[in-house]
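Have the structure open while you read.

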Amino acid sequence: MISHIRNFSIIAHIDHGKSTLADRLLERTGAISERDMKEQLLDSMDLERERGITIKAQAVRLSYDAPDGQQYELNIIDTPGHVDFTYEVSRSLDAVEGALLVVDASQGVEAQTLANTYMAIEAGLEIIPVMNKIDLPAAEPERVAKEIAGVLGGSSDEVIAISAKTGEGMDELLEAIVTRLPPPEGLEADPLRALIFDSYFDTYRGVVCYIRIKDGVLSKGDRVRFMATNNVENADEVGILTPAAVPVASLGPGESGYIITGIKEIDRVRVGDTVTRVDHPATTALPGYKEPKPMVYSGLFPTVGDDFERLRDALEKLRLNDSALQYEPETSTALGFGFRCGFLGLLHMEIVRERLEREFDLDLVATAPSVAYRAFTTAGATIEVRSPQDLPAANQLDHIDEPFVKVMIISPSEYVGTIMELAQSKRGEMGELTYLSPERVEIDYELPLGEVVFDFFDALKSRTRGYASLDYEPSEYRTSNLVRVDVLLNNQPVDAFSAIVHKDRAYNYGNTMTRRLRELIPRQLFDVPIQAAIGGRIIARETVKAKRKDVTAKCYGGDISRKRKLLEKQKEGKKRMKMVGSVEVPQEAFVSALQIDQDG
Amino acid sequence: MGDADLVQIVERAADDLGAYLHVPFCEAVCPYCDFAVVAGRDDEVSRYLKAVTAEINGSDAVGLVDAVFVGGGTPSRVSGLAGLVGALEERHGLAPDAEVTLEANPEDWTDGKAEELRTAGFTRVSFGAQSYDPMVLEYLGRRHSPNQIDAAVDSVRRTGFESVSIDLIFGSPVESDASWERTLGRALEASPDHVSTYALTVERGTELSRLVIGGAPAPDPDVQAGRYEIAQAILQDAGYRRYEVSNYARPGHECRYNLIAWAQGEYLAFGMGAHGHLDGVRFRNVRKLDAYLDAVERGVSPRAGQESIMTGDPGLGNALDEERVVLGLRRSSGVVLDDVATAFMASSAGIRLVEAGVITAREGRLVILKPLLTDEVCSSFLASRS
């Protein structure tokens with residue numbers, strides 16, 4: 001009965017206890033016995049469990065016997081908790097009618113939670129504010145409840161205080177879910193419209209789509225059409241997640257579950273697409289499908305050239321479960337063969353890198369992250385610039401636009417000054433400053449994304465001792481005074497070190513890179529000039545002086561074995577060198593030089 | 001350089017048999033020294049000489065010895081060396097023109113000692129002079145004066161030794177270019193037949209290395225490069241020919257014993273810490289005095305280890321070739337331009353070194369033109385082989 005269904009998401013900051021709460025709900029409703037429970041069941045990837053974050057959405061159906069004697073079907077659609085995965089979040093929010101906003105009673109509201117909450121409010125969802133971890137000695141339930149009420153515009157009495165750890169307050173929460181959240185709407189008689197809110201690749205079964213039925217009925221064996229891709233497939237299996245996959249005969253309006261069609265290529269399924277029935281088709285798709293658009297680009301190169309094919313295989317495999325990951329082959333004179341990869345954001349980038357290194361045992365060099373610039377040529381063409389190499393020559397360049405983002409920072413109020421200073425140094429334009437409570441403040445900025453991905457987040461964290469949280473969303477492209485700084489080794493540009501930076505920062509970048517490289521590049525047989533240049537203009541120069549002496553003074557009958565060992569060691573060092581033009585550069589030099597430091 | 005007579009001398013050494021005798025006793029250990037030495041153990045001298053004699057007597061005869069080197073330590077502090085040379089002659093035989101070198105400290109030298117050693121068959125004396133600058137001598141922990149060097153060299157000459165050599169160390173942090181030039185000038189006035197000039201090297205585990213790690217100034221390689229070039233110019237001007245990275249000689253006074261090592265030739269080895277090379281095997285004796293004495297006295301071999309120069313796997317190439325080139329390239333006359341050397345010159349690393357003027361082919365040989373970059377060349381050569 002549709003009136004007894006409640007669909008909701010849980011919005012929470014990292015570590016605020018979302019997964020523990022989900023586990024507790026599962027346990028309370030008997031979905032799984034305590035014995036079978038792995039800690040934090042919803043986060044199924046190792047990396048997710050380790051980092052305490054959710055990358056992929058998950059769905060679980062629970063049966064709840066309410067005190068009123070009625071049985072309710074509760075569907076939790078878990079959402080990723082990070083700004084990079086805003087698109088996934090919005091799809092998940094489209095699949096539910098309500099959301100639990102979970103806030104740590106000892107921490108308060110964080111920027112990402114707030115951003116997702118605003119998204120939920122915009123999507124018209126009913127929000128139940130939940131304050132978790134009230135059992136902690138450091139909990140400040142009154143202050144935090146006030147803060148939450150301030151954000152949501154309600155009263156602090158509406159905030160439900162719980163401890164997911166001890167189970168305190170769970171009955172009140174379950175009751176609130178049933179009474180406060182509205183049931184879904186939709187008619188069985190209407191044409192089928194099911195929203196795909198996530199998908200994953202199963203080695204044996206192919207692509208599994210998580211769906212939420214908005215209208216109509218989906219039954220096993222139906223011929224279905226994926227409206228965005230216009231694929232027609234057979235519904236080989238339809239089922240629900242309890243959280244184990246349980247096949248059912250059909251799913252009706254308001255219900256969530258999964259569909260398996262035998263599609264093997266993840267590209268043929270798009271999150272946000274609408275599934276309809278061929279025999280009773282819907283004319284319009286549900287709103288929501290958007291091509292995921294990378295915000296951040298970086299080159300990934302294997303440190304060992306032979307690993308290129310392995311890297312390609314690994315990226316292909318990752319992409320099966322991560323359609324937002326984009327990549328294309330890239331060749332660098334310095335780093336060899338690799339891939340230019342597009343990511344949703346910095347965390348996404350970091351996660352992909354970590355998974356490649358961990359799950360596929362690859363050693364990678366990542367070039368400095370870059371954003372998508374738009375270059376306008378004097379000939380009137382517009383070029384999307386994802387790598388400094390794509391930038392047209394200065395004499396053909398009319399102007400460059402760069403993406404700006406709207407950044408929301410929430411921080412203890414004592415750090416306002418230092419945050420403003422930092423944002424200004426990164427060309428930030430300040431928006432509103434709002435006190436969420438006397439101790440906590442929200443500051444909005446418009447910032448170039450390029451600055452944010454470069455080192456803004458790290459700098460913010462270190463300047464606020466980790467207390468500030470940050471969220472951003474794309475805003476607009478603006479024309480900026482950007483230049484490409486090239487780094488030349490012995491008069492030859494080294495592509496891996498080129499960067500597009502604001503003109504005011506060009507000198508600093510050039511200086512930093514040349515100085516750093518002077519330390520990292522061993523002395524050669526000749527003087528090696530290291531220069532930073534904008535077009536033909538040199539803005540910084542260092543020299544690695546020619547090596548004058550490399551000889552063992554004494555080598556007699558008693559020294560031969562030792563001498564050979566020394567030379568063998570030196571030989572191994574030589575073999576790790578990469579030739580850049582006529583300069584021998586140790587592989588480690590590229591890695592070290594590309595490491596962004598905070599003063600850079 | 002490249003002189004035909006030198007090539008002949010150098011190549012002939014490949015067929016010579018050498019013998020090394022180690023005498024580890026010193027009055028004190030110099031701060032830069034990492035050789036197998038002992039100080040304050042002079043009470044063991046006679047026991048030690050007996051042990052070495054026993055080791056010689058127990059060794060397999062492999063032919064007449066062409067060059068003997070009695071090194072240390074400070075062999076000149078010890079009496080009874082005649083017995084050692086005698087034992088060697090008795091067991092292995094000495095070639096009629098054999099070179100027999102003694103390492104000596106100037107402060108130990110007397111005319112009496114000179115006579116005794118000359119009579120015992122020594123033909124050549126190599127003095128650890130190190131410097132004529134008292135400040136440098138003090139820094140190096142040496143106990144002799146510049147005048148003692150001159151007196152010792154004179155004494156050797158008067159006694160009729162065939163050759164006298166002096167060792168110099170340059171590039172210590174207390175030395176200046178001018179001081180080094182003065183040292184070279186004084187050395188030339190003494191008119192030795194042979195001069196070795198060594199850049200001061202901070203070896204691991206030495207007192208000097210502890211000082212440097214603790215913040216004392218370390219030798220500057222660029223400064224040392226400059227001093228090396230100063231020595232090259234001054235010594236060559238004075239008629240000394242550089243025949244190895246650090247060694248200069250009047251023509252015909254090259255050290256035969258050392259030429260054997262650079263020609264990958266064979267040499268016997270006796271005494272604690274001594275290294276030898278026979279039948280494609282490099283071997284070494286234990287480096288501790290007590291362990292050495294104990295082994296020999298119990299009648300067991302004092303050998304501490306050995307390694308074959310040949311690789312077991314023919315697919316990996318021949319380590320013998322690699323070692324031969326690496327050692328041979330230390331000589332100013334380089335190595336024969338055979339298949340191995342030619343392949344290196346044709347490799348990308350070889351071409352770069354030719355273009356940079358570091359190596360060249362000359363009269364059928366591969367030679368290094370910038371001896372200061374010898375290790376760079378040798379490691380490039382090894383890298384080109386794998």
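In this predicted model, the largest cavity holds about 370 Å³ of space. Its lining is made by 31 residues, and those closest to its centre are A:A368, A:S370, A:P388, A:S498 and A:A499. By class, that lining has 15 nonpolar, 9 polar and 7 charged residues. The search of the whole structure finds 7 cavities of 30 Å³ or more.

Which elements of chain A each supply at least two residues of the lining? The table names them.

| Element of chain A | Residues |
|---|---|
| β18 | 326-332 |
| β21 | 370-371 |
| α10 | 449-463 |
| β30 | 499-502 |
| α11 | 503-520 |

Helix α11(A) links this cavity to the next topic, as it supplies at least two residues of the lining. Its axis comes within 10 Å of the axis of helix α13 (residues 587-594) of chain A, and the two cross at roughly 150°. Angles over 145 degrees count as roughly antiparallel, so α11(A) is roughly antiparallel to α13(A). The crossing of α11(A) past α13(A) is right-handed.

Which residues make the contact? From α11(A) come A:M513, A:R516, A:L517 and A:L520. From α13(A) come A:A589, A:S592 and A:A593. By class, the contact of α11(A) with α13(A) has 5 nonpolar residues, 1 polar and 1 charged.

Conventions
Residues are numbered from 1 along each chain as its sequence is written. Chains are lettered from A and ligands numbered from 1 in the order in which they are written. This is a predicted model: local features need pLDDT of at least 70, side-chain atom pairs count only at pLDDT 80 or more; totals for chains, interfaces and linings use all residues. Side-chain values use heavy atoms; hydrogens and water are left out. On a 1 Å grid over the protein atoms alone, a cavity is a set of points where a 1.4 Å probe fits but cannot get out, and a pocket is an open set with protein on both sides within 12 Å along at least five of seven lines; lining residues have an atom within 4 Å of a point. Grid points are joined across faces, edges and corners, and a volume is the space filled by probe spheres set on the points. Helices (H or I, at least four residues) and strands (E, at least two) are DSSP runs, numbered from the N terminus. Ala, Val, Leu, Ile, Met, Phe, Trp, Tyr, Cys and Pro count as nonpolar, Asp, Glu, Lys and Arg as charged, and the others, Gly among them, as polar. Axes are lines fitted to C-alpha atoms, for helices over the stretch in contact, and angles run from 0 to 180 degrees between N-to-C directions. Angles under 35 degrees count as roughly parallel, over 145 as roughly antiparallel, 65 to 115 as roughly perpendicular and the rest as oblique. A crossing is left-handed if the near helix is turned anticlockwise from the far one by less than a right angle, and right-handed if clockwise. Contact means heavy atoms within 4.5 Å.
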